[in-house]
Amino acid sequence: VCRKLKETEARKSRKVLLRSMSGNYYFVIVGHHDNPIYEQEHCSRDSQTKKDDYRDLCQFVAHASLDMIGEHMWTTNSMYLKIVDKFNDWNVSAFVTAGKQRFIILHDIKNEDSIRQFFQEVYELYIKTAMNPFYEPNTPILSQAFHQKVKNLCRRYLI
């Protein structure tokens with residue numbers, strides 16, 4: 001009885017710890033020529049210097065994972081590739097569109113269902129943006145409406 005009580009207390013403390021983690025993430029849409037089309041990040045660090053270092057590290061890890069994504073996308077018919085790479089405590093999940101744009105997210109909390117939903121909804125937003133006659137394919141997305149919608153999806157699914 002005492003052992004079960006200790007196990008349930010340990011589970012509760014792990015859940016509290018996971019809830020207290022802020023859910024750091026870095027999301028990027030990468031185009032055909034390995035160029036970033038859109039970036040969104042959330043970092044719990046306060047210092048601007050650390051934030052810049054954090055962004056540079058995330059860009060490096062995302063770029064380094066493109067080879068792994070290229071290998072995985074030819075082994076499955078699914079658009080959602082799940083976790084394709086890991087770097088320290090970060091997981092790299094990917095989604096490949098029909099037009100071969102890659103959605104990459106670096107995250108520290110593993111929750112595949114939420115990440116899949118996030119990718120699906122961002123994909124819908126991306127399709128609507130790509131169908132806009134004023135958007136030139138494979139160029140950075142500068143729309144404030146797109147940015148705000150992605151930010152809201154990040155809050156809903158990733159934090």
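Me: What makes Phe27, Tyr38, Tyr80, Phe95, Phe103, Phe118, Phe119, Tyr123, Tyr126 and Phe146 a cluster?

Reply: In this predicted model, these residues are linked into a cluster by ring pairs, and a pair requires ring centres that lie within 6.5 Å. The structure holds 13 aromatic pairs.

Me: Why is the pair of phenylalanine 103 and tyrosine 123 called edge-to-face?

Reply: A pair of aromatic rings is described by the distance of the centres and the angle of the planes. For phenylalanine 103 and tyrosine 123 the centres are 6.3 Å apart and the planes stand at 70°; because the limit for a pair is 6.5 Å and planes over 60 degrees apart count as edge-to-face, the name applies. Both phenylalanine 103 and tyrosine 123 are buried.

Me: Which parts of the chain does this pair tie together?

Reply: Phenylalanine 103 belongs to strand β5 (residues 102-107) and tyrosine 123 to helix α4 (residues 112-130), so the pair joins parts that are 20 residues apart in sequence.

Me: What makes the buried residues of α5 line one face?

Reply: The buried residues of α5 are Phe146, Val150, Leu153, Cys154 and Tyr157. Seen down the axis of α5, they fall within an arc of 105°, so they line one face of the helix, while the face turned away from them carries the exposed residues Gln144 and Arg156. An α-helix has 3.6 residues a turn, so residues three or four places apart point the same way. Among the elements that cover the buried residues of α5 are β1 (25-30), β2 (36-42) and α4.

Me: Why is serine 143 said to cap the N-terminal end of α5?

Reply: A side-chain oxygen of serine 143 lies 3.3 Å from the backbone nitrogen of alanine 145, and because a polar contact needs such atoms within 3.5 Å, the distance qualifies.

Me: How do you know on which side of helix α3 (residues 66-73) the buried residues lie?

Reply: Leu66, Ile69 and Met73 are the buried residues of α3, and their arc around the axis is only 55°, which puts them on the same side of the helix. Asp67 and Glu71 are exposed on the other side of α3.

Me: What makes the largest nonpolar core a core, and which residues have the most contacts inside it?

Reply: A nonpolar core is a set of buried residues of nonpolar kinds, joined through side-chain atoms within 4.5 Å. The largest one has 24 residues, and those with the most contacts inside it are Phe27, Ile29, Phe103, Ile105, Phe118, Phe119 and Leu158. At least two residues of this core come from each of β1, β2, β5, α4 and α5, and α4 gives the most, with seven residues. A second, separate core of 19 residues includes Val28, Val30, Tyr54 and Val61.

Notes:
Residues numbered from 1 in each chain as written. Predicted model: local features only at pLDDT ≥ 70, side-chain atom pairs only at ≥ 80, totals over all residues. Heavy atoms only, no water. Buried < 20%, exposed > 50% of the residue type's maximum accessible area, 1.4 Å probe, protein only. Helix = DSSP H or I, 4+ residues; strand = E, 2+ residues; numbered from the N terminus. Arc of directions from axis to C-beta. Phe/Tyr/Trp six-rings, centres within 6.5 Å; stacked < 30°, edge-to-face > 60°. Contact = heavy atoms within 4.5 Å. Polar contact = N/O pair within 3.5 Å; in protein donor to acceptor, adjacent residues only side chain to side chain.
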